[in-house]
Amino acid sequence: EGLLCDRFHTAEVMRNLLDNAWEAAGPDCTVRLALRKRVRLRGHRGRFDRLTVADNGPGVSPQLREKLFQPYQTDKSGDRHMGLGLFYCAKVMRAHGGAIQAEEGAGRGCTIALYFPSGRP
């Protein structure tokens with residue numbers, strides 16, 4: 001049994017998250033993926049399958065974390081970085097009836113949690 005999601009858009013979400021992790025953590029990057037089935041999400045009905053992408057980069061400042069999924073929010077420089085990647089990810093997750101959250105890691109790094117509606121009642 002897999003996640004209930006659109007293959008194309010979910011693949012783009014994963015590309016965004018992995019690219020962000022690899023870029024933030026640099027050449028010594030470690031990325032961990034984890035899946036927990038049928039968890040509860042505060043403020044939402046039903047159960048969700050929670051997929052996390054965690055890196056060992058510098059993390060996200062508390063000021064940026066508050067608005068991380070809004071358009072044009074980035075702490076990166078350069079013409080390639082418009083601050084739309086995580087905004088896109090949030091739109092895709094909402095379209096799937098799910099959610100996305102940035103979680104504060106213990107020490108360094110960033111963890112992004114994707115919540116997909118569980119396929120079982």
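**Notebook: cysteines, sheet, helices, cores**

I began with Cys29, which counts as partly exposed because its relative accessibility is 21%. My scale: buried is under 20% relative accessible area, exposed is over 50%, and partly exposed lies in between, with a 1.4 Å probe and protein chains only. Cys110 is buried, at a relative accessible area of 11%. I searched the whole structure for disulfides, meaning cysteine sulfur atoms within 2.5 Å, and found zero.

Ground rules next. The model is predicted, so I note that local features need pLDDT of at least 70 and side-chain atom pairs pLDDT 80 or more, while totals for chains, interfaces and linings use all residues. Residues are numbered from 1 along each chain as its sequence is written, and side-chain values use heavy atoms, without hydrogens and water.

**Sheet**

I traced an open sheet of four strands in the order β1-β2-β4-β3, paired antiparallel. Strands (E, at least two residues) and helices (H or I, at least four) are DSSP runs numbered from the N terminus. Two strands pair if DSSP finds at least two bridges between them. β1 (31-39) and β3 (99-104) are at the edges with a single partner strand each, so one side of each has no neighbour in the sheet. From one strand to the next the twist averages 20 degrees.

I then looked at β3 and β4 (residues 110-117), which run antiparallel and are joined by six bridges. Ala102 stands opposite Ile112 in β4. Helix α3 (residues 85-95) packs on the sheet and touches β3 and β4. The direction of α3 makes about 130 degrees with that of β3. Axes are lines fitted to C-alpha atoms, for helices over the stretch in contact; angles run from 0 to 180 degrees between N-to-C directions.

**Helix α1**

I checked which residues of α1 (residues 7-25) are buried: Thr10, Val13, Met14, Asn16, Leu17, Leu18, Ala21 and Ala25. They pack against β1, β2 (48-55), α3 and β4. Just after α1, Gly26 has a positive phi of about 80 degrees.

**Cores**

I looked for nonpolar cores: buried Ala, Val, Leu, Ile, Met, Phe, Trp, Tyr and Cys joined through side-chain atoms within 4.5 Å. The largest has 20 residues, and Leu17, Leu68, Phe69, Ile100, Ile112 and Leu114 have the most contacts inside it. α1, β2, α3 and β4 each give two or more residues. α3 gives the most, with five.

Ile112 has contacts (heavy atoms within 4.5 Å) beyond four places in sequence, including Leu17, Leu51, Val53 and Phe69. Another core, of six residues, lies apart; among them are Val39, Leu41, Phe48 and Ala99.

Terms used: Expected span 1.5 Å × (residues − 1).
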